[in-house]
Amino acid sequence: MTRRLFVALEPDEVVRAGLVEAAAALRRAAGPLGRQVRWAEPAALHLTLRFLGNVAEPSLEPVARAVEAAAAAA
């Protein structure tokens, strides 16, 4: 079994609110075409730093440790 993984940052509530406002403005500006866009739910907003793809279950723990170590070193 595999899991589709990515490394991402979640915005705080202030940034998330700003993103929601910006998306609403884009939707309004797009007019009828805006209805053809699949807009993300506010709770799902994030900034993907790196897409890891499909990772096998046995590799999950080492990948998590590597991401934690990289984040701690930053």
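A polar contact is a pair of N or O atoms within 3.5 Å; within protein, one must be able to donate a hydrogen and the other to accept it, and residues adjacent in sequence count only if both atoms are side-chain atoms.

## Basis of the model

This is a predicted model, in which local features need pLDDT of at least 70, side-chain atom pairs count only at pLDDT 80 or more, and totals for chains, interfaces and linings use all residues. Residues are numbered from 1 along each chain as its sequence is written, and side-chain values use heavy atoms, with hydrogens and water left out.

## Helix H1

Helices (H or I, at least four residues) and strands (E, at least two) are DSSP runs, numbered from the N terminus. H1 covers residues 13–30, 18 residues in total. From first C-alpha to last it reaches 25 Å, close to the expected 26 Å; the expected span is 1.5 Å times one less than the number of residues.

After H1 comes Gly-31, which has a positive phi, near 60°.

Buried means under 20% relative accessible area, exposed over 50%, and partly exposed in between (1.4 Å probe, protein chains only). Val-15 belongs to H1 and is partly exposed, at 43%. Between the C-alpha atoms of Val-15 and Ala-30 there are 22 Å in space, for 15 residues in sequence.

Arg-16, also in H1, is buried because its relative accessible area is 10%. A polar atom of the Arg-16 side chain lies 3.2 Å from the backbone oxygen of Pro-11. Leaving aside residues up to four places away in sequence, Arg-16 touches Glu-10, Pro-11, Pro-42, Ala-43, Ala-44 and Leu-45, where contact means heavy atoms within 4.5 Å.

Pro-42 sits in the loop between H1 and strand S2 (47–56) and is partly exposed, at 35%.

Pro-42 and Val-20 are both among the lining residues of the largest pocket, as are Trp-39 and Arg-27. On a 1 Å grid over the protein atoms alone, a cavity is a set of points where a 1.4 Å probe fits but cannot get out; a pocket is an open set with protein on both sides within 12 Å along at least five of seven lines, and lining residues have an atom within 4 Å of a point. The lining has 10 nonpolar, no polar and 1 charged residues; Ala, Val, Leu, Ile, Met, Phe, Trp, Tyr, Cys and Pro count as nonpolar, Asp, Glu, Lys and Arg as charged, and the others, Gly among them, as polar.
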